Amino acid sequence: MTLDCPVPHHERARLLLGHGAGGRLTAELLDDLVLPALGGPADGPLEDAALLPSQPGLVISTDSFVVSPLSFPGGDIGSLAVHGTVNDLAMRGALPLALSLAVIAEEGLPLDDLRAALTSAGKAARDVPVPVVTGDTKVVGRGAADRLFLNTTGIGRRVPGLTPSAARARPGDAVLLSGPVGLHGTAVLSTREGLGFETDIASDTRPLHRLVAALSPCGTAVHTLRDPTRGGIAAALNEIARDAAISVQIDEAAVPVPEPVAAACDLLGLDPLVVANEGCLVAFVAPELADQALAALHTLPEGSSAVRIGEAGPGPAGRVSLRTLVGARRILDMPLGEQLPRIC
């Protein structure tokens, strides 16, 4: 088994796997290359989905999926592509209206594999439900892609009263987590490398828009929503702390890490707080409505194990700290690059 480790932070001459990992290298790539090339810095934080200009209440998001292997316990590239974009819309308080789906397939891919991925995507979309209204198919030569890549773009409409944004988190907010962490990343890695954890761990990939709808009675007290995908809980909390200029403190004992995930991470030397998830969300909620928000999450199966894991503070701005199991405190840094490449 080979784990790709981030290269030294100063390497800038070529694109690295870590540049697509959602950590510090991704932020550098966006700031130094992508945003200047596309017209300059964004107004406000970079969110999982954007409000459409001149279209109040409409939200758009796009995402590409390059997971390897194409199927894994609990899901596959097709269902993951639908869930990922539905969830990015949901993190801005939006329910999905329509999706596009684009295929980039390598010459030689068995048609049965393509059929399985698209059938799964279709079923996932119907289960949401959200229609797939347009798409595209490209075939590239052998060696020009790794079997199959999918891209989905989604349009959604915000639930009235919900206006979550990374910049809206406030000191005093309760930090809620809707479910256990680390399942997706360890399920994919175990399958890819034949580690034998497949019987104990399944990906948590699923849509989260119903959880967001359940939070709607809390209205503007729901300050921030984020699904901790690439970079896990650590990346998500660091992004929010940076964009809202707050500090965040979480309690390690409160974070639900399933035993098989903990065992796999111990074996591989991984921190479950930086392992990707595809079926849980982090919510920053005004303290006076935190109990109501937690109760709302508990009304749905996907939020039945929701817990409060910490709180936001006034500063130092951008700092995330962890109260460890032995009572010490340590800084929970933004990951540099990709511990587990090709996870989503």
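Student: How do strands β10 and β12 pair?

Tutor: Strands of a sheet pair through backbone hydrogen bonds, either parallel or antiparallel. In this predicted model, β10 (residues 247-251) and β12 (residues 307-313) pair in the antiparallel sense over four bridges. Two strands count as paired if DSSP finds at least two bridges between them. Helices (H or I, at least four residues) and strands (E, at least two) are DSSP runs, numbered from the N terminus.

Student: Which residue of β12 is the bridge partner of Ile 250?

Tutor: That is Gly 310.

Student: In what order do the seven strands of the open sheet stand?

Tutor: The order is β9-β11-β8-β12-β10-β13-β14, with mixed pairing. Each of the edge strands, β9 (222-226) and β14 (329-331), has a single partner, so one side of each lacks a neighbour in the sheet.

Student: Which strands does helix α8 touch?

Tutor: Contact means heavy atoms within 4.5 Å. Helix α8 (residues 290-298) packs on the sheet and touches β8 (174-177), β11 (282-285) and β12.

Student: Is Ala 245 buried, partly exposed or exposed?

Tutor: Buried means under 20% relative accessible area, exposed over 50%, partly exposed in between (1.4 Å probe, protein chains only). Ala 245 has 45% relative accessibility, so it counts as partly exposed. Its phi is near 55°, a positive value in a residue other than glycine.

Student: What should I know about the numbering and the rules?

Tutor: Residues are numbered from 1 along each chain as its sequence is written, and side-chain values use heavy atoms, leaving out hydrogens and water. Local features need pLDDT of at least 70 and side-chain atom pairs count only at pLDDT 80 or more, while totals for chains, interfaces and linings use all residues.

Note on methods. Axes fitted to C-alpha atoms, helices over the stretch in contact; angles between N-to-C directions.
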